[in-house]
Amino acid sequence: MRLAVLSLLASACLGCSAAATPHPPPPPMAPVAPAPPPKDDGAASQGGEGGQAHAAALEQLRVARATWRADRQGSLRIELPDAAHWTRVKFWGVKSLVGYRYGKDHHAIVAAFVVHVDDETAAGACSAAFEQWAQPYVDSFEVAIEHDPPRAVTWNGKIVDIDALVARTATLGVHDEYAVAYATYPAWKKACIVMGVAIPARDELERAKAVRDRFATELLPRVRVLSAEEPKERD
């Protein structure tokens, strides 16, 4: 789980300056019926393998109806596809506002963090603060980045930056590939929310990117902040 979260952080930090690498078009995806993962018992897990179950879970995330979930502090809400099969989790070594995994095999991870700034209304302030906050985590990984052009959307009368990218990490001989999307929200006075999703590819990169793109275009722009002030508690 920690590798998934840190790959999100690393890719976010490095994505601003990395150049996209052209690749030939991917082969067509073999048809796979959507299916939710088995019931999650909530116990600790190191993730899972790929194969048919992972492909089916990604298809479920791509097409399932999204419903609202909230953090324990009552500070924000986000829509999650197939929300009943997401389990709230904590991340070792990283204080999050909220975190979820999709299935015990970590078919996807959603996490929200808070970063602090001098002026949350300044253009690019939230993104720059997140990059600085993430740098110690980035230093622990070798990360190659391919990213789409960044997007900006209007959110509560403010501008939110949304980035979609692919992060490839190689640490201690273990190679991981994730489709990642994250957004930075000027949520409170001198504080920003960073909300992101990381989907492990496990030989299903195109399906992982399809899920990522759903979050980037449909779900992240609709995140709701419920509290007037930054919550004191963290997960």
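**Close-up views of a predicted model**

**View 1. The largest nonpolar core of the predicted model comprises 39 residues.** Within this core, the residues with the most contacts are Trp 86, Val 110, Tyr 185, Met 195, Phe 215 and Leu 220. Strand β9, spanning residues 174-188, gives the most to the core, contributing six residues. Apart from this core lies another, of 17 residues, which includes Val 115, Ala 129, Ile 145 and Ala 198. In soluble globular proteins, nonpolar side chains tend to be buried together.

**View 2. Surroundings of Tyr 185.** When neighbours within four places in sequence are set aside, Tyr 185 is in contact with Cys 126, Trp 155, Val 160, Ala 191, Cys 192, Ile 193, Met 195, Leu 220 and Val 223.

**View 3. Packing of helix α2 (residues 52-63) and helix α4 (residues 205-219).** The two helix axes come within 9 Å and cross at roughly 25 degrees. Because this angle is under 35 degrees, α2 is roughly parallel to α4. The crossing of α2 and α4 is left-handed. Helix α2 makes the contact through Ala 55, Leu 58, Glu 59, Leu 61, Arg 62 and Val 63, and α4 through Arg 207, Ala 208, Ala 210, Val 211 and Arg 214. By class, seven of these residues are nonpolar, four are charged and none is polar.

**View 4. Arg 65 in the loop between α2 and β1 (66-70).** Arg 65 has a relative accessibility of 67% and therefore counts as exposed. Residues up to four places away in sequence not being counted, Arg 65 touches Leu 80, Pro 81, Asp 82 and Arg 214. The C-alpha atoms of Arg 65 and Glu 79 are separated by 9.2 Å, the two residues being 14 residues apart along the chain.

Technical notes:
Residues are numbered from 1 along each chain as its sequence is written. This is a predicted model: local features need pLDDT of at least 70, side-chain atom pairs count only at pLDDT 80 or more; totals for chains, interfaces and linings use all residues. Side-chain values use heavy atoms; hydrogens and water are left out. A nonpolar core is a set of buried Ala, Val, Leu, Ile, Met, Phe, Trp, Tyr and Cys residues joined through side-chain atoms within 4.5 Å. Buried means under 20% relative accessible area, exposed over 50%, partly exposed in between (1.4 Å probe, protein chains only). Helices (H or I, at least four residues) and strands (E, at least two) are DSSP runs, numbered from the N terminus. Contact means heavy atoms within 4.5 Å. Axes are lines fitted to C-alpha atoms, for helices over the stretch in contact, and angles run from 0 to 180 degrees between N-to-C directions. Angles under 35 degrees count as roughly parallel, over 145 as roughly antiparallel, 65 to 115 as roughly perpendicular and the rest as oblique. A crossing is left-handed if the near helix is turned anticlockwise from the far one by less than a right angle, and right-handed if clockwise. Ala, Val, Leu, Ile, Met, Phe, Trp, Tyr, Cys and Pro count as nonpolar, Asp, Glu, Lys and Arg as charged, and the others, Gly among them, as polar.
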